[in-house]
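Here is a short briefing on side-chain packing. Please look over the sequence and the model before reading on.

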Amino acid sequence: MRGLPLRRLVTLATLAAVGAATLGTTAACGEDSDAAGGSGPVTLRLGYFPNITHAPAVVGVEKGIFKEKLGSDVELDTKTFNAGPAAIEAVFSGALDATYIGPNPTVNAFSKSKGEAVRVISGAASGGVALVVKPGITSVEQLRGKKIATPQLGNTQDVALRFWLKEKGLETTKEGGGDVKIVPQENAQTIETFGSGAIDGAWVPEPFVSRLVNAGGKVLVDERDLWPDKKFVITNLLVSTKFLKAHPDVVKKLVEGQVAANEFVNTKPDEAQQAISAHIGKITGKPLDLKLIKQAWPTLEFTNDPIPSSLKTGLDHAVAVGLTQPVDLNGLYDLKYLNEVLKTQGKAEVSQP
C-alpha cells in the first residue's frame with residue numbers, strides 16, 4: 001500500500017453550508033447553557049446520532065450511565081441528529097453544549113471558528129467503513145468505468161474513496177467524471193440503487209456495509225486495512241469551548257460517562273447491542289435489526305482514544321485531492337480530563353497532540 005487513505009477533510013462547500021445554516025439556526029435557537037441553568041442545576045445538552053458508530057453515546061443514554069456520572073447537580077438534555085452539519089450548527093448557535101460527531105464536521109467546526117469554538121475531549125469509535133462492490137468485481141482495475149456511491153460529495157467516505165483511487169492511478173472529478181464515476185447519495189438510497197444495478201458499489205459506514213453485503217455485495221476494501229494498526233477515528237466527543245470554560249467540572253463528569261459507557265460496550269456487548277436496538281426503536285419507531293448490529297459489530301472498535309494522527313492524515317489527504325485548503329489543527333484536542341479519568345482508573349492514558 002503506497003499511502004494511507006484520505007479520511008478527514010474540510011470542503012469549502014461544506015463550510016459555506018454550515019455557515020449559512022448556522023445563521024438561520026442562531027435566530028431560532030433557545031438560550032445557552034448558562035441561562036438555561038440559572039441558579040439551579042447546570043444543564044448539559046448532549047448530541048449524538050442514533051446509529052452503531054455512536055454506540056457509546058446510545059448506550060450511555062439508554063442505560064443511564066451519563067445521568068449517573070453527571071449526578072443530581074447536572075440536568076442532562078439529549079438531542080439526536082442525522083447529520084454532522086446540523087449538530088455543529090446547534091453547537092455554534094448555543095443550542096448544544098457537546099456532541100458525538102464524525103471527523104469531517106469536527107474539522108469543519110474548528111476551521112470555521114478559527115480554532116475558537118470547539119475542543120475534542122475524547123474519542124468514541126474507530127473503523128466500521130468499507131467499499132462494497134458487485135461480486136464480479138475482484139480488483140481495483142475493474143472499477144474503471146464503474147459507478148461507486150458515497151454518502152455525500154466531500155464527506156469523510158467520499159474523500160477516502162477518491163484518495164484511494166488516486167493512489168491506484170484512477171482519476172475522479174467532483175462532477176462525477178473520470179476513470180471511476182462517483183455518485184453521491186444518501187446511504188438509505190444506496191441500498192436501493194445497488195439492488196437495482198444503478199451503481200456498482202459504495203464506500204460507506206456501518207450498518208450500510210452489512211446491508212449491502214446482505215444485498216449480494218462483497219467487501220473489496222475494508223478501510224481498517226489501510227491504516228496503521230487498523231485504527232482510524234470515526235466518532236469523537238466534542239464540546240464547545242464556552243461550556244468547557246464555564247463548567248470544567250461538568251465536562252470531566254461527561255468524560256467519566258464516556259469512559260464508563262465504552263467500558264459497558266466493550267465488556268457487555270450483548271447487552272449493549274440490545275440497548276442500541278431498543279434505543280433506536282424509541283427514536284425512529286423501528287428497532288434496528290439486532291442481527292444487523294451483531295454482523296457489523298466486529299468491524300468497529302470502541303475506544304476513548306480520538307486517534308488524532310488519523311484526523312491530521314485525513315486532512316492532509318483532503319488537501320492532496322484538491323477538496324480543501326490546509327488547516328492548522330493546533331489546539332483542537334483537550335484531553336486533560338480524559339487522561340485524569342483514565343489514570344484514576346489505572347488505564348493507559350492517550351497522547352495529547
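This is a predicted model: local features need pLDDT of at least 70, side-chain atom pairs count only at pLDDT 80 or more; totals for chains, interfaces and linings use all residues.

Residues are numbered from 1 along each chain as its sequence is written, and side-chain values use heavy atoms, with hydrogens and water left out.

**Nonpolar cores**
- The largest nonpolar core has 91 residues. A nonpolar core is a set of buried Ala, Val, Leu, Ile, Met, Phe, Trp, Tyr and Cys residues joined through side-chain atoms within 4.5 Å. Buried means under 20% relative accessible area, with a 1.4 Å probe and protein chains only; exposed is over 50%, and partly exposed lies in between.
- L44, L143, W164, W203, L254 and W297 touch the most other members of this core.
- Helix α11 (residues 248-267) gives the most to the core, with eight residues. Helices (H or I, at least four residues) and strands (E, at least two) are DSSP runs, numbered from the N terminus.
- A second, separate core has ten residues, including A149, I199, V204 and V209.

**Helices α5 and α6**
- Helix α5 (residues 84-93) packs on helix α6 (residues 103-112) at about 35°, with axes 9 Å apart. Axes are lines fitted to C-alpha atoms, for helices over the stretch in contact; angles run from 0 to 180 degrees between N-to-C directions.
- G84, I88 and F92 in α5 meet P105, A109 and K112 in α6. Contact means heavy atoms within 4.5 Å.
- Of the residues in this contact, four are nonpolar, one is polar and one is charged. Here Pro counts as nonpolar and Gly as polar.

**Helix α15**
- In helix α15 (residues 336-344), the buried residues are Y337, L338, N339, V341 and L342.
- These buried residues pack against β4 (118-127), α10 (241-246) and α11.
- Just after α15, G346 takes a positive phi of about 75°.

**Aromatic pairs**
- The structure holds four aromatic pairs. Rings of Phe, Tyr and Trp (its six-membered ring) pair if their centres lie within 6.5 Å; planes under 30 degrees apart count as stacked, over 60 as edge-to-face and the rest as tilted.
- W164 and W203 form a tilted pair, 5.9 Å centre to centre with 55° between the planes. W164 is in helix α7 (residues 156-167) and W203 in strand β8 (residues 201-205), 39 residues apart. Both are buried.
- W297 and F302 also form a tilted pair, at 4.9 Å and 50°. W297 counts as buried because its relative accessibility is 12%. F302 is buried too, at 5%.
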